[in-house]
Amino acid sequence: MINLYEVTETNKMIEEENLDVRTITLGISLLDCIDSDLKIVNEKIYQKIYHAAKDLVKTGEEISKEYGIPIVNKRISVTPVSLVGGAACKTEEDFVGIAKTLDKVAHEVGVNFIGGYSALVSKGMSRADELLIRSIPKALSVTERVCSSVNVGSTKTGINMDAVKLMGEMIVKTAEFTKEADSLGCAKLVVFCNAPDDNPFMAGAFHGVTEADRIINVGVSGPGVVKTALEQVRGRNFEVLCETIKKTAFKVTRVGQLVAKEASKRLGVPFGIVDLSLAPTPAIGDSVADILCEIGLEHAGAPGTTAALALLNDQVKKGGVMASSYVGGLSGAFIPVSEDQGMIDAVTAGALSLEKLEAMTCVCSVGLDMIAIPGDTKASTISGIIADEMAIGMINQKTTAVRLIPVIGKGVGETVEFGGLLGYAPIMPVNPFSCDAFVNRGGRIPAPIHSFKN
Amino acid sequence: MKKTIITVVGKDTVGIIAKVCSYLAENKINILDISQTIVQGYFNMMMIVDTNETEKAFGEMADEMDTLGESIGVIIKCQKEEIFDQMHRI
């Protein structure tokens, strides 16, 4: 039978070390909402999401209460809207209309984000894909809860450089459209390489076309729990260090598995995956950077950071895989800057640069995330940064992503405040040299040689 | 059997166990196991209880225990057993 020590350990993780289930995300296919009449598409989307998700928030709260574990977010992901709206939308405004429908239904069912205002263009863009991408700045400025993502590359297809160029422009435009709110729109826009179909985390969640009609995906968290466990093994060797991370990740993930199974049962929706993630928040003690410091670095970004992060990411997966029957999504340690107090401190101290962050993304999920850059950064420079990150994903057969926020009207040395889970960030300098000629070539980068495995 | 773990943490005082047990008895909740310690003046108790017979819904019981805790000056938490089982047993 369970003993006092075990009960105390679990409750200490929850109460003092910020253990929580970060999100229950209900994936909903909208493929059956396709119609050539825009009005009908909007109506079908509203009805389908409303009926599928009306009990999501209530169910999440019940589970949270019964097990005493906070479930921070309840969210929805839907089929990429470029596919759903393709037959009906003839203009950018038509797509913006669908974004408004998504926002409205998100408010009514009480979820804090809805993801899937997306296009999958890793090899080429259809007319609908391009319309949707061009509508993103407007869509994100007139909605509150809609999140957008665009997959511009994969190991199988290479990188669509036309889309990369376009996304650089759209990020700048989104920043301008939302400049009154410190360019907040860009915090809800992710550019992917190798985007997973079952990611429960925002802003990049969408319900892939390979998925069932509905699915429950759960993202766990617990950087504070790992940090506290590592405090007990200070000065010990790497074997002890890795074993400790592995065991802790197992425990954290088991909670996610329990919540996922329970939510699946109560909502009558199949269980998809648990995302084995260490997702930080701006709260003190909920930081991935603090784990890196506990491993032995003065600040995240110091020499040794990439190795420390690589081992952390790998051990989290090893511990988590056994704890859950199905794993997926982004799985690994997240390194968003604005959402992690330790990362913010590292940037402020001058220990962490954009280039070091890029190196770190080679060994963890996901990518250059929640990084504020000067508002006068050129679109082509942003496209260049995206291309670099996509190349890392393509060559290493992993998911990479870029979520940059060029903060209009602000420059290096200033700080931007997004509020809530999105946190705040010092604006980081960007390499000032031009990549215009590279970005403007047009076309696509071919798939790498190791993609030909047939 | 539906098992719930009740934890009680707070400053030690007379009658904590009595009050908690009275509530459980009134609501037909059977106690299966109790462990309790005092650490630096702080009362720390865990109970494993069987909630099969009670007519109370879980949420209602948890809320009432919470209120009872407030009246004694301790924190009482009710959690279904599975969260601990999942985390500590393979």
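In the predicted model, 26 residues of chain A are in contact with 28 residues of chain B. The two chains bury about 2,400 Å² between them, and carbon and sulfur atoms account for 64% of this area. On the side of chain A, the greatest losses of area to chain B fall on M1(A), I2(A) and L4(A), which together make up 27% of what that side buries.

Eleven residue pairs are in polar contact between chain A and chain B, counting pairs with both residues at pLDDT 80 or more. Three helices of chain A, namely helix 1 (4–16), helix 3 (56–67) and helix 9 (238–267), each supply at least two residues to the side that touches chain B. Of the elements of chain A, helix 1 gives the most to this side, with nine residues. By residue class, the side of chain A that touches chain B consists of 13 nonpolar, five polar and eight charged residues.

Four salt bridges are counted between chain A and chain B. A salt bridge links E15(A) to K77(B), with the closest N and O atoms 2.9 Å apart.

K251(A) lies in helix 9 of chain A. When neighbours within four places in sequence are set aside, the contacts of K251(A) are E9(A) and M13(A) in chain A, together with M87(B) and H88(B) in chain B. The C-alpha atoms of K251(A) and G224(A) are 13 Å apart in space, and the two residues are separated by 27 residues in sequence.

Chain A as a whole contains 15 helices and 15 strands. The C-alpha trace of chain A spans about 60 × 50 × 50 Å along its principal axes. The radius of gyration of chain A is 21 Å, which agrees with a compact globule, because a globule of 454 residues would have a value near 22 Å.

Confidence values were examined for the complex and for chain B. The predictor assigns the complex an ipTM of 0.89 and a pTM of 0.93. The average pLDDT of chain B is 92, and 100% of its residues score at least 70. Among the elements of chain B, the lowest mean pLDDT, 91, belongs to strand 2 (residues 30–39), and the highest, 95, to strand 4 (residues 74–80).

Note on methods
Residues numbered from 1 in each chain as written. Chains lettered and ligands numbered in written order. Predicted model: local features only at pLDDT ≥ 70, side-chain atom pairs only at ≥ 80, totals over all residues. Heavy atoms only, no water. Contact = heavy atoms within 4.5 Å. Buried area = accessible area lost by both parts, 1.4 Å probe. Salt bridge = Lys/Arg side-chain N within 4 Å of Asp/Glu carboxyl O. Polar contact = N/O pair within 3.5 Å; in protein donor to acceptor, adjacent residues only side chain to side chain. Helix = DSSP H or I, 4+ residues; strand = E, 2+ residues; numbered from the N terminus. Nonpolar A, V, L, I, M, F, W, Y, C, P; charged D, E, K, R; others polar. pLDDT = per-residue confidence, 0-100. Rg over C-alpha atoms; globule rule 2.2 N^0.38 Å.
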